[in-house]
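Hello,

Here is the structure I promised to pass on to you. Have a look at it first, and then read my notes below.

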Amino acid sequence: MTQKTVIVTGAARGIGLATTKQFLAEGRRVAMIDRDAEALMAEAAQLQDVLPVVCDVSRPDQVESMMAQVATAFGRIDALINNAGVADFGPIEETTFERWRSVMSTNLDGVFLCSQAAIPHLKRVQGAIVNIASISGLRASTLRVAYGTSKAAVVHLTQQQAAELGEYGIRANCVAPGPVRTKLAMAVHSPEIIAAYHDAIPLNRYGSEDEIASVIVFLCSGNASYVTGQTIASDGGFQSTGVGLP
Ligand code: NAD
């Protein structure tokens with residue numbers, strides 16, 4: 001089997017679904033991973049060259065069996081996109097430990113677990129990892145203690161992966177999206193936050209799922225063969241300003 005493959009977590013909707021479609025257009029086979037079985041199967045049924053696997057990325061046992069299933073079906077794993085994520089808005093004094101753990105378990109543990117399980121396969125093909133952080137992981141705000149901290153840790157974990165895995169030819173990079181009108185964002189973005197983002201972002205608008213996906217696909221391509229350990233903000237220029245997060 002020479003066709004390149006990729007695993008995309010959180011593939012049932014939003015940025016993960018857009019990324020899946022762009023990789024398919026590039027001729028890759030895609031393992032679509034999500035814990036929302038109904039949405040995953042509905043989307044996968046409309047696509048060709050995909051392998052949908054229901055898996056909660058925060059669960060070590062499920063990640064292990066998902067990776068074994070993908071490796072058996074595809075024969076090779078060329079790239080891993082750690083995209084599955086959950087949002088949570090709240091300052092430190094109002095964030096319960098349960099909420100904190102819930103965010104960390106998907107946004108951070110999930111990246112750790114999927115990466116660890118994929119590394120033996122990526123080593124065979126000098127593969128690539130792309131982790132999805134957020135501008136919330138690059139700059140603190142007054143109401144994202146769990147989400148922002150989880151995403152800042154993903155930025156560091158990416159650097160760690162690049163440092164450790166470079167000797168195997170594995171590249172690890174990170175994309176930090178600005179706001180995109182997905183279900184995740186719209187559940188926590190009030191009209192005031194939306195207006196504030198429009199003002200704060202030099203391009204004066206939200207991004208699209210495809211504008212994030214194309215950066216992810218680039219980082220997995222030969223065009224990025226000397227790029228590793230980097231975090232690219234795809235954010236309409238927000239990170240280049242000194243303006244605080246809304
Ligand atoms: P989304 O809610 O539309 O999609 C996320 C998908 O991940 C869903 O299908 C969900 O079922 C899945 N998922 C969540 N937890 C999971 C778990 N434990 N195991 C398996 N699947 C799980 O969200 P999105 O906006 O497309 O977000 C994708 C990524 O982009 C996330 O990591 C998010 O933090 C990041 N991000 C999004 C924005 C934004 O504005 N939308 C901004 C910055 C970063």
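**What I found**

Helix 3 passes helix 4 in a right-handed crossing. Before going further, please keep in mind that this is a predicted model. The axes of helix 3 (residues 60–74) and helix 4 come within 9 Å of each other and cross at roughly 30 degrees. That angle makes helix 3 roughly parallel to helix 4, because angles under 35 degrees count as roughly parallel. On the helix 3 side, the residues that meet helix 4 are Pro 60, Val 63, Glu 64, Met 67 and Ala 71. Their partners in helix 4 are Leu 113, Cys 114, Ala 117, Ala 118 and His 121. By class, this contact of helix 3 with helix 4 has eight nonpolar residues, one polar and one charged.

Helix 4 also packs against another helix. Helix 4 (residues 97–125) and helix 5 (residues 145–165) have axes that come within 9 Å and cross at roughly 15 degrees, so helix 4 and helix 5 are roughly parallel to each other. This crossing, too, is right-handed. Helix 4 brings Arg 99, Trp 100, Val 103, Met 104, Asn 107, Leu 108, Val 111, Phe 112, Ser 115 and Ile 119 to the contact. From helix 5 come Ala 146, Tyr 147, Ser 150, Lys 151, Ala 153, Val 154, Leu 157, Gln 161 and Leu 165. The residues of the contact of helix 4 with helix 5 divide into 13 nonpolar, four polar and two charged.

Now to another pair. Helix 1 and helix 8 (residues 209–220) pack with their axes 8 Å apart, at an angle of about 55 degrees. Helix 1 and helix 8 are therefore oblique to each other, and their crossing is right-handed. The contact involves Gly 14, Ile 15, Ala 18, Thr 19, Gln 22 and Phe 23 of helix 1. Helix 8 answers with Glu 209, Asp 210, Ile 212, Ala 213, Ser 214, Ile 216 and Val 217. Seven nonpolar, four polar and two charged residues make up the contact of helix 1 with helix 8.

What surrounds the ligand? The shell holds 28 residues, and the closest are Gly 10, Gly 14, Gly 85, Thr 182 and Leu 184. Helix 1 (14–25), helix 4 and helix 6 (183–186) are the elements that give two or more residues to this shell. By class, the shell has eleven nonpolar, eleven polar and six charged residues.

One last item comes from a record. An unreviewed UniProt entry lists residues 4–183 as "domain: Ketoreductase". Over residues 4–183 the chain is 48% helix and 18% strand, with the end C-alpha atoms 30 Å apart.

Best wishes

Conventions:
Residues numbered from 1 in each chain as written. Predicted model: local features only at pLDDT ≥ 70, side-chain atom pairs only at ≥ 80, totals over all residues. Axes fitted to C-alpha atoms, helices over the stretch in contact; angles between N-to-C directions. Helix = DSSP H or I, 4+ residues; strand = E, 2+ residues; numbered from the N terminus. Parallel < 35°, antiparallel > 145°, perpendicular 65-115°, else oblique. Left-handed = near helix turned anticlockwise from the far one by under 90°. Contact = placed C-beta atoms within 7 Å. Nonpolar A, V, L, I, M, F, W, Y, C, P; charged D, E, K, R; others polar. Near = placed C-beta within 6 Å. UniProt positions renumbered as here; feature names shortened; annotations may be inferred.
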